[in-house]
Amino acid sequence: MSNKNQTGHNVAKLASKVLQSSTASNIQKTLAGSALAQTHSTKTTSSPVEKMAAKALQSDHYAKTTKSLAGSIVSQSDKKR
């Protein structure tokens, strides 16, 4: 069963700001790109990005922005995995 969740407006706005930022980390930019790719789309999160997002959510070392993006990414993952 594929996941029909899409990136919401607030997360898409956050992702756009992250991608334009010169100070955003590589993980933030990766998660932001994935989130934007899933805006108004039926695409699901790839396995490597899903694993990256899950690790970010489980760690205390990531910023709130990273965790917000990661939460959106995980919620849009393929439910079969």
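Among contacts in the protein chain between residues at least 6 apart in sequence, what percentage join residues at least 24 apart? The share is 63%, where contact means heavy atoms within 4.5 Å. The model is a predicted one, in which local features need pLDDT of at least 70 and side-chain atom pairs count only at pLDDT 80 or more, while totals for chains, interfaces and linings use all residues. Residues are numbered from 1 along each chain as its sequence is written, and side-chain values use heavy atoms, with hydrogens and water left out.

The protein chain holds four helices and zero strands, in the order α-α-α-α along the sequence; helices (H or I, at least four residues) and strands (E, at least two) are DSSP runs, numbered from the N terminus. Some overall values of the chain are set out below.

| Property of the protein chain | Value |
|---|---|
| Box of the C-alpha atoms along the principal axes | roughly 35 × 25 × 15 Å |
| Residues that count as buried, of 81 | 37% |
| Accessible surface | about 5000 Å² |
| Part of that surface belonging to carbon and sulfur atoms | 53% |

Here buried means under 20% relative accessible area, exposed over 50% and partly exposed in between, with a 1.4 Å probe and protein chains only; the areas come from the Shrake-Rupley method with a 1.4 Å probe, and for residues only the protein chains shown count as cover.

Helix H4 (residues 64-75) has 12 residues, which at 1.5 Å a residue should span 16 Å, and its end C-alpha atoms, 17 Å apart, agree with this; the expected span is 1.5 Å times one less than the number of residues. The buried residues of H4 are Thr66, Leu69, Ala70, Ser72 and Ile73. They cover an arc of only 160° around the axis, so they lie on the same side of H4, the arc being that of the directions from the helix axis to the C-beta atoms. Their cover includes helix H1 (9-20), H2 and H3.

In the largest nonpolar core, which has 13 residues, Leu31, Leu69 and Ile73 touch the most other members; such a core is a set of buried Ala, Val, Leu, Ile, Met, Phe, Trp, Tyr and Cys residues joined through side-chain atoms within 4.5 Å. H1, H2, H3 and H4 each supply at least two residues of this core, and the largest share, four residues, comes from H2. Leaving aside neighbours within four places in sequence, Ile73 is in contact with Leu31, Ser34, Ala35, Gln38, Thr45, Val49 and Ala53.

His40 is found in the loop between helix H2 (26-37) and helix H3 (47-58), and is exposed, with a relative accessible area of 72%. Phi of His40 is near 55°, a positive value in a residue other than glycine.
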